[in-house]
Amino acid sequence: MKENNLLASVALFSELYNNDKYSSIADIIAEFIKGAVVSENKWNLNSTELTHLLEKVYEFKIPESVVRTTVRNRLKGIVTSAHGHYIFDNKIAADFEKINEGYNSILKIQQNIVEGLVSFIKTKEKDPITESDKNLIIENFNKYLLDNGVSEKYSKLISVFVIKNQSNQVFTDNLNLIREGMILYQGIRYTADINELGKWNTELTIFLSTEHLFNSLGFNGILYQQIFDDFYKLVSEINLANKNKYGEKLIQLKYLEETKDEADSFFQSAELIHKGAYALDPSKPAMKSILEGCRNLSDVRSKKVRFELDLKQKGITLQEFNQSIYNYTEFVVEDENVLSHLKNEATKKGRHFDENLCRQFFRIFTKINYFRGRESKSKFEKIGHIFITGNRFALYLAHQSKVKFLDDDIPFAKDIDYITNKFWFKLKKGFSEKQGLPKSFSVITKAQLVLSSQLNQTIFQEYNKLQRQFKEGVLTKEEAIERSYELREKPSKPEDITVDNIDASLDFLDTESYFEDLSREKEKKENLLRETLFQYEELQKEINRRDEIERENEAAQKSELREIEKQNYVTKKWNSFRSQQIGSLLYFLLVFFLTILPIIIGFILKGNKVLNEWLEHIGNSQIWIWCFLTIVFLVEWFGRAYLFDKEKIKNGWIWFKLIFRPNKRKQLKEAQFADYENEFQEQANK
């Protein structure tokens, strides 16, 4: 398709523009002229033919005057003129290879990007992608990059695709080259003499719409403020360098009564919302900014005063118009026939047409027409007055031929990107310092702006829908509040749209029954949660039961082990006690034996015939034996309190008696066992 050639051409143009080898735009145009001549093997042709050749090869529609100037000033020595024709030296073929290689390299990268885009859209579309659909995707993508259409069928998916690939440096660099190259191309296309570049020397009054007044102070978010600041810096640079004949600024920033009324109405709505008379529309980030931090009505009113003072501080002032614009019938844009025609066109295409808003913009266009003196057929630099807005409906109306009066008239309204691009090109700015480029040049910014616009439009529609359903009783108060909170969570500012929330944002845009699906999904989740909680409770019961069994088993094991330890302790203590008592018994028997030993010996001596005869034989000498035995008996009898352990004798006597009393012995054992068990328990409790 032709646009493919143009995309590669403008990307290459931008790349060469930042190459130190080329000192001016004319040098780069010269390279493209040589490339066109060599590629088509056309060595002898006039300026008209050369202009058409550039369009054929590179899709560049460059003014013939610029082509002539370039050939005359930049191609000396390799071009000769004869009878109105340019004759090119064939030595320029040596330079063709390099530019052709760069062109083909860029074209290949773009083809890969397009293939990736088509593949991505295939995954998102419900129906299969036909060859016709593929061609439409490519066409939409080209228009998207060339700023020729953001309302195309696939603009939403293209924006999602761009944001998802923003971390791919080759991807973003190539697309940004296209957008930067388009600024150069559009500037060249509408510049008769490129030697005039470098300064702005004409007066221009720019009327700002309400959203740009808010953007200038950051009410609509950081990204919109950055875009306005980029524009404002260029305006300030122009005004600093040049003044008009009265010593005033060349570029004036103003706003009309209609814009002031709209801004005043916005602050009045903020007061009503603060009072609770109305709910906050989540599709209006500026309203959120106004109400943020306001504790009472005086805070809202203070913000309005601050708003007007800040605008004056920036040099943005009100353009008063003391008489009715309709007194100047020759400048009136509003026409019932035109309005009826536009309304019918919108109805045929199934689009909503806001008649009141249309009349409001027509009044603004009428004032612009009045200030221009009905002279709109001029170069932009000399147009004198223009209205800038981001409202798509206003831009649509401004570009209608019936509204412009003539097809080639400059529209009464343009967007801020258009003006920024014009200033940037006119001042001969470069693209090498990426950090200093206007934010609007970035393809990522464009994608965020496109999606933000569509999201806010959908949020607005859904908000109105839920209000209607609540009034009709379809929704309960709780359901309406829940949906309202859900809408407030959607990213309404461009900078809020990121890779992390892009899929959720796309689902919201693509699903007509979003809240119904969300409600069903919520019900499913609640049922799943209830089921999960039930299963969890059952599982917890089972875990508790098993824990209880395990604790009981552990307790039983501990008890059993404790019982074994106790039995071992008791048995050990008993065995020690019994051993001690047996020792006492043996001691007792020994003492008893020693006590009765003299008596036993006496009986033996007297009872044994042989021994008795022996005693009688020794006669009186036996008295000494009996005296010795008596002394031993008496010494043992009276001296055992000192010679023997009475406690051991006592214990031995007790244990001796127990030999003949088994019941008593059993009782003693049980008592001892009980004492040992208590002793074991006391030690365990310590």
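Thr366 lies in helix 15 (residues 355–372); helices (H or I, at least four residues) and strands (E, at least two) are DSSP runs numbered from the N terminus. The model is predicted, so local features need pLDDT of at least 70 and side-chain atom pairs count only at pLDDT 80 or more, whereas totals for chains, interfaces and linings use all residues. Residues are numbered from 1 along each chain as its sequence is written, and side-chain values use heavy atoms, with hydrogens and water left out.

Thr366 has a relative accessible area of 1% and is therefore buried (buried means under 20% relative accessible area, exposed over 50%, partly exposed in between, with a 1.4 Å probe and protein chains only). Apart from neighbours within four places in sequence, Thr366 is in contact (heavy atoms within 4.5 Å) with Ile325, Phe331, Val332, Val333 and Glu334. Tyr328 is 38 residues from Thr366 in sequence, and their C-alpha atoms are 9.1 Å apart.

The strands come next. Strand 2 (residues 79–82) and strand 3 run antiparallel and are joined by four bridges; two strands pair if DSSP finds at least two bridges between them. Ala82 stands opposite His85 of strand 3. These two strands form a hairpin with two residues between them, and His83 in the turn has a positive phi of about 55°. Strand 1 (residues 44–45) is also antiparallel to strand 3, through two bridges, and Asn44 has Ile87 as its bridge partner there. Strand 3 (residues 85–88) presents Tyr86 and Phe88 on a covered face, and His85 and Ile87 on an uncovered one.

Side chains of opposite charge can pair when their charged atoms come close. The whole structure holds 27 salt bridges, each a side-chain nitrogen of Lys or Arg within 4 Å of a carboxyl oxygen of Asp or Glu. In helix 14 (residues 336–348), Lys348 and Glu345 are three residues apart, about one turn of the helix, and their side chains meet at 4.0 Å, N to O. Lys348 counts as exposed at 68% relative accessibility, while Glu345 is partly exposed at 25%.

A further salt bridge links Lys573 and Glu679 (3.5 Å, N to O). Because Lys573 lies in helix 22 and Glu679 in helix 26 (residues 662–685), this pair ties together parts that are 106 residues apart in sequence. Lys573 is partly exposed, with a relative accessible area of 30%, and Glu679 is partly exposed at 27%. Salt bridges that share partners also join Glu334, Glu336, Lys343, Glu355 and Arg359 into one network.
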